[in-house]
Amino acid sequence: MKTLKVILLAVIVLFIVIQFIPSGIPENKPENEKNISKSSLVTGPVLDHLRNSCFDCHSDQVQFPWYAKVAPSSWLLADHINEGKESLNFSGWEDYSKREKIGFLQKIKDEVESGNMPLKSYLLIHRDAKLSSEDILSLSKWTEAAMAKIVE
Amino acid sequence: MKTSFFIVVILAIAGLILLQGTPVSESMQTKGSFYPSEVRKVIDTKCYGCHSAQGQSKDARNALMWDSLPNLNKSRMVATLDEIVKELRKNGMPPAGVVKKYPEMKLQNAESKILQSWAVSKADSLLR
């Protein structure tokens, strides 16, 4: 009985201590003119899909859940978001060259069509981020149109 | 009479040789203008084994075929060139497993640079 108490106390202390380790979660920034939302490429419901299904890992406008403030789940989140933003950040869309934009649009199309994105682990918790087959079709058509526009 | 017969035979043979030669030399020419020789050299020695019809891996063939790259539409071509640049920047190709098994397949820095600057300028020229 006593050992159980000691273990429990140790777990609680450990839990409190790890709260002081910086999680590495990036800070949100206000949207500026470089955001894809300001781009003439984006039309119709596409922006809603991007915000709803992509922005939580691929932008500086993340909607943080409560467990983003609590270790150790905050560490996992930090990893995902930093990795996501490193490969593509919709908040800095205008910093990309035309070549990179086309590369990303093609990648978005491939990833969304194949169901790789949004990540399964993310959808498990964020059910409303799931893209319906119509959403996927509309995103895919949008990428085609946007690429054609850039290539013009 | 005999001479003219010989001329006809020689012309026929020459014609046959030329006909056979035409498609090959034509495709070489298109490739030559799309891929400068120093780029072609790197591709042939380090990339072509997997990224061509003879490649064993389906993933590699789906991702990139050097022979069909020149025939892609503009945006697909640019997207593929961008993917090439990204992959090379993170030293992703040839895959670590391949390099471990065949150390001579490792892409040297200079070779990677040749491919990268070619891919960037090719994409830029398409977007001008």
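**Contact between chains A and B**

The contact takes 12 residues from chain B and 9 residues from chain A, two residues being in contact if their C-beta atoms, placed from the backbone, lie within 7 Å. The model is predicted: local features need pLDDT of at least 70, side-chain atom pairs count only at pLDDT 80 or more, and totals for chains, interfaces and linings use all residues. Residues are numbered from 1 along each chain as its sequence is written, with chains lettered from A and ligands numbered from 1 in written order.

On the side of chain B that touches chain A, α4 and α6 each supply at least two residues; helices are DSSP runs (H or I, at least four residues) numbered from the N terminus. The most, 9 residues, comes from α4(B). By class, this side of chain B has 5 nonpolar, 1 polar and 6 charged residues (Ala, Val, Leu, Ile, Met, Phe, Trp, Tyr, Cys and Pro count as nonpolar, Asp, Glu, Lys and Arg as charged, and the others, Gly among them, as polar).

Helix α5 of chain A (residues 98–114) packs with helix α4 of chain B (residues 74–89) at an angle of about 100°, their axes 8 Å apart. Axes are lines fitted to C-alpha atoms, for helices over the stretch in contact, and angles run from 0 to 180 degrees between N-to-C directions. α5(A) is therefore roughly perpendicular to α4(B) (65 to 115 degrees). Among the residues that meet are A:Ile102 and A:Gln106 in α5(A) and B:Val78 and B:Asp82 in α4(B). The contact of α5(A) with α4(B) has 4 nonpolar, 3 polar and 6 charged residues.

Notes: Parallel < 35°, antiparallel > 145°, perpendicular 65-115°, else oblique.
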